[in-house]
Structures are given as structure tokens and as C-alpha cells.
Amino acid sequence: MPSLSVPLCAIICAFVLSAACSAPPQKEIDRAQQAIDSARAAGADQYAPEAYAAALSALQQSHEAVEQRDYRLALSRAVDASDRAQEAAAAAAENKARARRATEAAVNTVNAALMHLETRVKVAEQAHVPPRELAPARSTIKAAEAALQKARALLAAENYAAVNDAVSGLDKQIRSEIRVVDAATTLRTARRPARKR
């Protein structure tokens, strides 16, 4: 009996497979399309472009196989598209979280530098550094405040690439102004005559 059941099982499997592959695998193609749509909604086109493109390519190959009536290949490519779309969605979530952390860190770095510059300008004012010497620093403070406001709005909208553009180079510029203001303050305090006792 067992020796008869093995060939019978093989014949049944072959029949099921051939029957399954006698029509387009529309259910699997639809499932793959839904997975791709979900991946796009998760930002895979931006945060996992290679995996997302591979999923699209596999789905396209599935459609082409249907046109050529190669339903077995169409099924295989549709399943592959679905798997790749799920991988793209997972990679997008991870890459998006990484991008958020990086942009938040960049915004915080610029904000800390800006606060330091504001403090140094106040010290310079107390040391009676002429306003014209502090004008570039004040201009930098104003520009940095506007850039940070824009960056925070972009961060809230999850547009991380634009956040990086908004704050790019600001930290370096602010730190350069801090050095200029500190030098002016040091020069001014060095010129003060010693008080008589």
C-alpha cells in the first residue's frame, strides 16, 4: 500500500500544479500589487528605492509572463514581487527612522550652536564691543532662527531630505561667528585700562 501511495501522491500534485497553472494567477498578482502599494505608502520608493524597484520589476515580469501565457512563471514572479515589496516596506521603515534620528540630531546641533552664539553676543555687548562688529553675528542669528523654524516644520512633515538642506552648513557658519565674536570680546577687554584701587 505505501508503495502505491507515493506515485499516486506525485500524480495528484502534478495534476494540481498543472490545473493551478492553467489560468493567470490573478489572486497572487493582486496580492503583489497590494504589497507594492503598502510599500509605497511606507515610503519605500524614497527610503528603500532598490528593493522597491525590484518589487516593481518582478510584478512587471509577472504581467509579461501572463501575456505570454506562461502562468507558472507569472505565479513565481508575482510571489517574488510580493516578497520583495514586503522587504522594501521593512527596509523603508528602518531607513526612515534612521533618517529621522539623523535630522533631529542635526537640528539639535544647530540649535545648541545658535544658543551659544546668542550667549557670546550678550557677553560681547557687556564688554562694549561696537554694534557694527556684532552685526554679522546678529544677521547669522536671524537667518539661523528662520532656518530652524523651517527645518522643524519639515521635520514634522517627515521631509527629512529637505530638513538637511535647510540646516546644511549652518553649524559651521554659526561656529565661525562665535570665534569672531569671542575674538572681538577678547580684544575689547584687553584694551580696558586697569582700574585704580
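Me: Why does threonine 185 count as buried?
Reply: Its relative accessibility is 8%. Buried means under 20% relative accessible area, exposed means over 50%, and partly exposed is what lies in between, with a 1.4 Å probe and protein chains only. Since 8% is under 20%, threonine 185 counts as buried.

Me: Good to know. What sort of model are we looking at, and how are the residues numbered?
Reply: This is a predicted model, with residues numbered from 1 along each chain as its sequence is written. Local features need pLDDT of at least 70, side-chain atom pairs count only at pLDDT 80 or more, totals for chains, interfaces and linings use all residues, and side-chain values use heavy atoms, with hydrogens and water left out.

Me: What is the mean pLDDT of the protein chain?
Reply: The mean is 88, and 86% of the residues reach 70 or more. The scale of pLDDT, the predictor's confidence in each residue, runs from 0 to 100. Over residues 13-17 the value is below 50, and beyond near neighbours in sequence this stretch has one contact in the model.

Me: How many helices and strands does the protein chain have?
Reply: There are eight helices and zero strands. Helices here are DSSP runs of H or I with at least four residues, strands are runs of E with at least two, and both are numbered from the N terminus. Along the sequence the pattern reads α-α-α-α-α-α-α-α. Of the 197 residues of the chain, 31% count as buried.

Me: Back to threonine 185, then: where is it, and what is it in contact with?
Reply: Threonine 185 sits in helix α8, residues 170-191. Leaving aside neighbours within four places in sequence, threonine 185 is in contact with Val123, Ala124, Ala127 and Val129. A contact means heavy atoms within 4.5 Å. Across the protein chain, among contacts between residues at least 6 apart in sequence, 76% join residues at least 24 apart.

Me: What makes a set of residues a nonpolar core?
Reply: The members must be buried Ala, Val, Leu, Ile, Met, Phe, Trp, Tyr or Cys residues, joined through side-chain atoms within 4.5 Å. The largest such core here has 46 residues, and those with the most contacts inside it are Leu117, Val121, Val167, Ile174 and Val181. Helices α2, α3, α4, α5, α6, α7 and α8 each supply at least two residues of this core. The largest share, 13 residues, comes from α5. In soluble globular proteins, nonpolar side chains tend to be buried together.

Me: Which residues does leucine 117 contact?
Reply: Setting aside neighbours within four places in sequence, leucine 117 is in contact with Ala137, Thr140, Ile141, Ile174, Glu177, Ile178 and Val181.

Me: How do you know that the end-to-end length of α4 agrees with what a helix should span?
Reply: The expected span is 1.5 Å times one less than the number of residues. For the 19 residues of α4 that gives 27 Å, and the end C-alpha atoms are 27 Å apart, so the two agree.

Me: And what makes the buried residues of α4 line one face?
Reply: The buried residues are Tyr52, Ala55, Ala58, Leu59, Ser62 and Ala65. Seen down the axis they fall within an arc of 145°, so they line one face of α4. That arc is taken over the directions from the helix axis to the C-beta atoms. Glu50 and Glu67 are exposed on the other side of α4, while the cover over the buried residues includes α2, α3 and α5. Just after α4, arginine 69 takes a positive phi of about 60°.

Me: Why is the pair of arginine 138 and glutamate 125 called a salt bridge?
Reply: The term asks for a side-chain nitrogen of Lys or Arg within 4 Å of a carboxyl oxygen of Asp or Glu. The N to O distance in this pair is 2.3 Å, so the pair qualifies. Arginine 138 lies in helix α6 and glutamate 125 in helix α5, so the pair ties together parts that are 13 residues apart in sequence. Arginine 138 is partly exposed at 34%, and glutamate 125 is partly exposed at 36%.

Me: How many salt bridges does the whole structure have?
Reply: The search finds ten. One of them joins glutamate 94 and arginine 98 at 2.9 Å, N to O; being four residues apart in helix α5, these two are separated by about one helical turn. Another joins arginine 40 and aspartate 37 at 3.4 Å, three residues apart in helix α2.
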